Amino acid sequence: MSDDRHLVVVGASLAGLRAVEAARTEGFEGRITLIGAERHLPYDRPPLSKAYLDKSDEGPVSTEFRAESVITDQLDVKLLLGTAAVGLDTADRIVFLADGREVRYDALVIATGAQARSLPGTADLAGVHTLRTVDDAVSVRAALDAGARTVVIGAGFIGSEVASGARKRGLVPVVIEALPTPLVRAVGQEMGAVLASLHTRNGTDLRCGVGVASIEGDGRVQRVVLEDGTVIDADLVVVGAGAIPAVEWLEGAGLTIDNGVVCDENLWTGVVPHRVV
Ligand SMILES: Cc1cc2nc3c(=O)[nH]c(=O)nc-3n(C[C@H](O)[C@H](O)[C@H](O)COP(=O)(O)OP(=O)(O)OC[C@H]3O[C@@H](n4cnc5c(N)ncnc54)[C@H](O)[C@@H]3O)c2cc1C
């Protein structure tokens, strides 16, 4: 007898792809739909701030995990890319999409991951970027290649990797870190100090213990003003201020949200049904 159940996975990145692969590996024979806000096939993000920023003058970045035919033909998964989920009705089991479509499911996997934290008031200022998606990486690399006066906000992993990409082009990025030591929460005071000296030895202008007062420009970023009054001219600002769970679309769906979706040790949200495989 054929299986007429429909598994819907929202979020077409690493976790979403692994979820559909696991469903097939475990023998699920019903329909599967994978929904992603980005227009790209699932891809690997770590190279975006490393190998990709190291290089210039190469074609479009491709870090796709699987070819499209593997997903659609071998795994028999319907792809809905370039359309975000904007709402969820867990009673009638419907995912609402930004383009107006409604997708009914028997089981749902929420794999919308995280989005980069941006700074308020910068959304309309060209030249200010976060680095989360392949599209972000393309923009940041183009600006670095063009010799942008680069200011990085946040001396965490991604901020440091952007600074490294700038130095490889001979630029002198200014890295602003609000805390007295970079990455102190992740690696502690001692290792943070080592990382700070690495920045300095490699020619990055690292400024710790000072916050950003404003990012200014007329349509396009022109300067960053620090809380101590320092003004830094900038053509490119990369905000590396961490990530936040991408859960806005779940507002009002009745799930427990507390810095992400609260679930049990089996990743179950508590909303029935629990398992399809
Ligand atoms: C530049 C960069 C460098 C990194 N480097 C490292 C590293 O060196 N080592 C390491 O361990 N980790 C690294 N990471 C983190 C790693 O990439 C993440 O842990 C991983 O991507 C998490 O995968 P995920 O599928 O859970 O979520 P995500 O990759 O966040 O994917 C979520 C997907 O859901 C989509 N989505 C969000 N909201 C919606 C919606 N409403 N509707 C539809 N789709 C939606 C998003 O577009 C995205 O494609 C890095 C991340 C970045 C951005």
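Predicted model: local features only at pLDDT ≥ 70, side-chain atom pairs only at ≥ 80, totals over all residues.
Figure 1. The residues of H5 that are buried are Ile-158, Gly-159, Ser-160, Glu-161, Val-162, Ala-163, Gly-165 and Ala-166.

**Figure 2. Helix H5 from end to end, with the glycine that follows.** Helix H5 is formed by residues 157-168, twelve residues in total. From its first C-alpha to its last, H5 reaches 17 Å, which is close to the 16 Å expected at 1.5 Å a residue. An α-helix has 3.6 residues a turn, so residues three or four places apart point the same way. After H5 comes Gly-170, and the phi angle of Gly-170 is positive, near 85°.

**Figure 3. An open sheet built from strands E4, E5 and E6.** The three strands of this open sheet follow the order E4-E5-E6, and their pairing is antiparallel. Strand E4 (85-89) and strand E6 (102-104) are the edge strands, each of which pairs on one side only. On average, neighbouring strands of the sheet are turned by 20° against each other, with direction ignored.

**Figure 4. Pairing of strand E5 with strand E6.** Strands of a sheet pair through backbone hydrogen bonds, either parallel or antiparallel. Strand E5 (residues 94-97) pairs with E6 in the antiparallel sense, over three bridges. For Ile-94, the bridge partner in E6 is Arg-104.

**Figure 5. The contact between domain 1 and domain 2.** The domain assignment divides the chain into domain 1 (6-113 + 246-250) and domain 2 (116-242). Between the C-alpha centres of domain 1 and domain 2 the distance is 30 Å. Eleven residues from domain 1 and 14 residues from domain 2 take part in the contact. On the side of domain 1 that touches domain 2, five residues are nonpolar, three are polar and three are charged.

Figure 6. Taken along the principal axes, the box filled by the C-alpha atoms is roughly 70 × 40 × 40 Å. The chain has 277 residues, of which 33% count as buried. Among contacts between residues at least 6 apart in sequence, 62% join residues at least 24 apart.

Key. Residues numbered from 1 in each chain as written. Helix = DSSP H or I, 4+ residues; strand = E, 2+ residues; numbered from the N terminus. Expected span 1.5 Å × (residues − 1). Buried ≥ 20, exposed ≤ 12 C-beta atoms within 10 Å, placed from the backbone. Pairing = 2+ DSSP bridges. Axes fitted to C-alpha atoms, helices over the stretch in contact; angles between N-to-C directions. Domains from an automatic or database assignment. Contact = placed C-beta atoms within 7 Å. Nonpolar A, V, L, I, M, F, W, Y, C, P; charged D, E, K, R; others polar.
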